[in-house]
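Welcome! Please take a look at the sequence and the 3D structure shown here before reading on.

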Amino acid sequence: MVFVDALGARQLEELGGGGRLPYTRPLRGILGYSCAALPSLLTGRPQSAHGRMCLFAKAERDGASVLAPLSWLGLLPAVVHERAVVRRLLARGLRRWAGLEGYVDLYRVPPDAFRWLDLPEREDLFSSDEIGGQPTFLSRARHAGLTVFSARWQLPEDERWQEAEAALGARPPELAFLYATAVDGALHRDGNGAPSVRAAFDRTLARIERAARLMRAGGRDVTLLVVGDHGMADVTRVIDPRPFAPPSGVRHFVDSTMLRLWGDGASLDRARAAIERLRWPGRWLDADALASRGAPTGDRFGQLVFLLDEGGIFAPSFLGGAVRGMHGYDVGCSSAASFVASDAPLPAHVTALDEIAPFVEARLGLPERTTSQGERHVAPA
């Protein structure tokens, strides 16, 4: 399996399809970002089961998370603590101090917010046995005694592919999980249709074909899957969130495409009215709307969420500034749709990211698993 970040159904069609893979199908999108899509892909479970949506979540209580000590950054001038090099060094130190193996980036989160924020992704998604209490198909294959190679996402793109090709060439495993990020970077930087996107796609496709040849050495029977997590929309409107002043009793987090709020009912009503006066293009997602989209229950990712319409971006946000391409919109938007392409026929039931893992496990001959409620995963080969 090759996971290609940001290669959505629209991008795949515009760039010429899945190469020599005859079976291609769009997949239903998820609410949130890659930190939600990857767990669904790996565990074969919906967001409501693995509990991931955004990179940052509300801590169980103030001062209780690994991020809380970083609130001291507020004692420094903003010109110092907002520098990218300072944030990178702090993130590296935090990973070592707290023993974090997952993706850690502090971006432009205000220092005071670190007191009440947490990082859900503390494990290395590719090597961990479980994500949010849900086993991954990679860990199930390892525990079944199969040989498994998973790419190290921490490496730069070229180095990661070089390591993968060396490993597959030396001893092809029974399961390989590779990771490509070049398309995502080009789309964020330059938007759809840019020559850099075409170049990144062609380079990635060539690498996938080389990896497949290495896996098939000696006439081995190999199934190839290429999967994306989401697509990308061209940014057509930049929204400055700073005119919104949170009312007393309201906490907020500004992601690139959503503004998430926490507070009591009256305070949230005042916040909602203030945002509506700004006439931002978007929609409100309350607890019921979030649940209907399969988002995690509870208030970890916001009691009330304002989600921008496709093509909008908050800048400056707590995660950065304006870019030309963005994702993280509502589940029905074209940029939310991912895809799967394969050289093996795809079961009819595979229509979403969380339906890929059972298919992979069936191809590997792993037994069907059951959910915590005793329901069996149906995984026809």
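This is a predicted model: local features need pLDDT of at least 70, side-chain atom pairs count only at pLDDT 80 or more; totals for chains, interfaces and linings use all residues.

## The nonpolar core

Let's start on the inside. The largest nonpolar core is made of 59 residues, and Phe-56, Leu-67, Leu-94 and Leu-261 have the most contacts inside it. Several helices and strands give two or more residues to this core, including the helices α5 (84-98), α10 (265-278) and α11 (287-292). Strands take part as well, among them β12 (251-254), β13 (258-262) and β14 (282-285). The element that gives the most is β15, with five residues.

## A nonpolar patch on the surface

Nonpolar side chains also turn up on the outside. Trp-72, Leu-75, Leu-76, Val-79 and Val-80 form a surface patch, and together they have about 510 Å² of accessible area.

## Pocket and cavity

The largest pocket has a volume of about 1,400 Å³. It is lined by 40 residues, of which Leu-55, Tyr-103, Asp-105, Tyr-107 and Asp-184 are the closest to its centre. The helices α2 (34-43), α5 and α8 (182-190) each supply at least two residues of this lining. Helix α5 has the largest share, with six residues.

There is also one cavity of 30 Å³ or more. The largest cavity holds about 60 Å³ of space. Its lining includes Gly-29, Ile-30, Asp-229, His-230, His-327 and Tyr-329.

Tyr-107, one of the residues closest to the centre of the largest pocket, has a positive phi of about 45° although it is not a glycine. You will find Tyr-107 in the loop between α5 and β4 (117-118). Its relative accessibility is 25%, so Tyr-107 counts as partly exposed.

Arg-279 also has a positive phi, of about 55°, and is not a glycine. This residue sits in the loop between α10 and β14. With 70% relative accessibility, Arg-279 counts as exposed. Another backbone detail is the cis peptide bond from Ala-315 to Pro-316, with omega near 0°. Pro-316 belongs to the loop between β16 and β17 (325-326).

## Salt bridges

Side chains of opposite charge can pair when their charged atoms come close. How many salt bridges are counted in this model? The count comes to 22. One of them joins the side chains of Arg-152 and Glu-163, at 2.5 Å from N to O. This pair links distant parts of the chain, 11 residues apart: Arg-152 is in the loop between β7 (148-150) and α7 (157-170), whereas Glu-163 is in helix α7. Arg-152 is partly exposed, with a relative accessible area of 42%, and Glu-163 counts as partly exposed at 27%.

Another salt bridge, at 3.2 Å from N to O, joins Arg-272 and Glu-276. Both residues lie in helix α10, four residues apart, which is about one turn of the helix. Asp-240 and Arg-242 meet in a salt bridge at 3.0 Å, N to O; here Asp-240 is partly exposed at 30%, whereas Arg-242 counts as exposed at 61%. Finally, Asp-62, Asp-112, Arg-115 and Arg-251 are linked in a network of salt bridges.

Notes. Residues are numbered from 1 along each chain as its sequence is written. Side-chain values use heavy atoms; hydrogens and water are left out. A nonpolar core is a set of buried Ala, Val, Leu, Ile, Met, Phe, Trp, Tyr and Cys residues joined through side-chain atoms within 4.5 Å. Buried means under 20% relative accessible area, exposed over 50%, partly exposed in between (1.4 Å probe, protein chains only). Patches are made of residues with over 30% relative accessible area and no salt bridge: like charges are joined within 9 Å, nonpolar side chains (Val, Leu, Ile, Met, Phe, Trp, Tyr) within 5 Å. Accessible areas come from the Shrake-Rupley method with a 1.4 Å probe; for residues, only the protein chains shown count as cover. A salt bridge is a side-chain nitrogen of Lys or Arg within 4 Å of a carboxyl oxygen of Asp or Glu. On a 1 Å grid over the protein atoms alone, a cavity is a set of points where a 1.4 Å probe fits but cannot get out, and a pocket is an open set with protein on both sides within 12 Å along at least five of seven lines; lining residues have an atom within 4 Å of a point. Grid points are joined across faces, edges and corners, and a volume is the space filled by probe spheres set on the points.
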